[in-house]
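Subject: Structure handover

Hello,

The structure is pasted below, followed by notes on what was found in it. Please read them with the model open.

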Amino acid sequence: MKIGVIGTGYVGLIQAVGLAHLGFKVVAYDIDSSKIEILKKGTPPIYEKGLKELLHQNRERIIFTSSVEDLKGSEVVFVCVGTPQDAKGKANLNFVFSAIESLKPLLTGKEIVVLKSTVPVGTNRKVQKFVGNKAFVVSNPEFLREGIAVDDFFNPERVVLGFGENHPKWVMEKMLKIYEYFLKKEVPFVVTNWESAELIKYASNTFLAMKISFINELARLSEKVGADIKDVAKGMGLDSRIGNKFLNAGIGWGGSCFPKDVSALIWQFKEWEIEPKLPKATKEINEEQILWFLNKIRKHYGGNLSGTFALLGLAFKPYTDDLRESPSLKLAEMLIEEGAFVKGYDYIEGARKNVKKLVEVKTSTRYSYGLIVCDELKTAVEGVDGVIIAVEYKEWNRENWKEISKLVRNKALFDGRNILKEELIRELIKDGWHYEGVGVKPK
Ligand SMILES: NC(=O)c1ccc[n+]([C@@H]2O[C@H](COP(=O)([O-])OP(=O)(O)OC[C@H]3O[C@@H](n4cnc5c(N)ncnc54)[C@H](O)[C@@H]3O)[C@@H](O)[C@H]2O)c1
């Protein structure tokens, strides 16, 4: 079966390579011809663990193209283009509709068009109306997590499929055939209508963001009352109804999905004249959290942030090069605005490269003269007045802190992800470091 994929970003590329690995012939199309040229050479333009190797193994089953006509003859086409937020926070569907518009002339009435992009409730219905009887539209929201996306493709926790009420039976049968590998692995399938499938995606992301915002708000209270948020989260998380995931207090969530999806859900509530109380609070707490953390740093320096800081971690989460809505970069911006000089470092080379590109844009005064990217941790911490951990790499624990102690000018450490282990924190404090986490009481 020939399968088409539109958009070769984080979702589309994983989908294309993953399906090729399962034995399908895949045509992966993107309007960005520079991306396609890189892919044709066998190099993924993004960093995801295992992706390069997987792409290599399955090269002969994938055609990368910037010519939409090459999608002709695909029985199923997955639409994986971006759905960023517009200026008001609403989902911008221009990429989705322009992709469908370019695909439409190639459709013959027998194809299935699958929306993998995260789209507001009602979009699949609109797309079906737009393509008329030239194709059947299926909603199949994506749940992969950047950083472990390849593993998530082969081991999803669920597959959600949403169909239109008038779809013939073969549409579902074909979708189940494509995903037979997951059925055999007994991955749970949720087969539902378009609207429910669309809402599952927004509800899931907003719920996860809400868990983080909840624990972050609680961390502020913990600091005031003398509780330790790590112990509080542990005690809460042992209740299986609550679970321990997404209960790590920190500087807040970012990334390519949570911010835009929470905002888009807020809009969907508003459009139906329902007050989006929890999603709104989730967003507001997150916006405050980074300011709250900056304030802690500011306080330590008596209100003067004109020193030099090492910023550890640059992307929005570990093991990715994706900088979209990165809390670390937001922090960098805020520090620079207050007169600080920031030396950034991330373990992922692609993340460092992407930040270097941002810094090089001379018109971007946000970073131009206040941020440099170091290729080694040693260089980043050398001579600084403070070290800030902004991304939760466990690896920070394994660094040589004795050496770091000798390199910094001032032993002040702000752990914005509560990632350092108690034992290490104790050693650092013994060594004269000022340590500050998020809602924690070093023991
Ligand atoms: N990134 C994630 O972790 C993730 C996870 C789950 C769901 N999603 C959702 O999946 C969708 C895609 O996200 P992403 O992170 O892969 O985006 P992305 O920006 O990395 O990739 C989108 C790709 O689509 C291409 N494109 C845009 N318009 C096109 C068109 N008309 N024709 C062909 N190609 C076109 C772009 O050039 C780009 O390469 C979004 O709706 C997102 O919310 C993302």
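By class, how many nonpolar, polar and charged residues does the lining of the second largest pocket have? The lining has 16 nonpolar, four polar and four charged residues (Ala, Val, Leu, Ile, Met, Phe, Trp, Tyr, Cys and Pro count as nonpolar, Asp, Glu, Lys and Arg as charged, and the others, Gly among them, as polar).

On sources: this is a predicted model, where local features need pLDDT of at least 70 and side-chain atom pairs pLDDT 80 or more, while totals for chains, interfaces and linings use all residues. Residues are numbered from 1 along each chain as its sequence is written, and side-chain values use heavy atoms, with hydrogens and water left out.

The pocket

A pocket here is an open set of points on a 1 Å grid over the protein atoms alone, where a 1.4 Å probe fits, with protein on both sides within 12 Å along at least five of seven lines; lining residues have an atom within 4 Å of a point. Of the 24 residues lining the second largest pocket, Val121, Leu265, Gln268, Phe269 and Trp272 lie nearest its centre. Domain 1 (2–187) and domain 2 (227–436) each give at least three residues to this lining; the bounds come from an automatic or database domain assignment.

The two domains

The C-alpha centres of domain 1 and domain 2 are 32 Å apart. In contact (heavy atoms within 4.5 Å) are 17 residues of domain 1 and 19 residues of domain 2. About 1400 Å² is buried between the domains, with carbon and sulfur atoms giving 48%; buried area is the accessible area (1.4 Å probe) that two parts lose on being put together, summed over both. On the domain 1 side, Tyr47, Gln85 and Glu146 lose the most area to domain 2, together 39% of what that side buries.

Salt bridges

A salt bridge is a side-chain nitrogen of Lys or Arg within 4 Å of a carboxyl oxygen of Asp or Glu. The structure holds 29, and two cross the interface of domain 1 and domain 2. Glu146 also pairs with Arg324, with the closest N and O atoms 3.8 Å apart.

Regards
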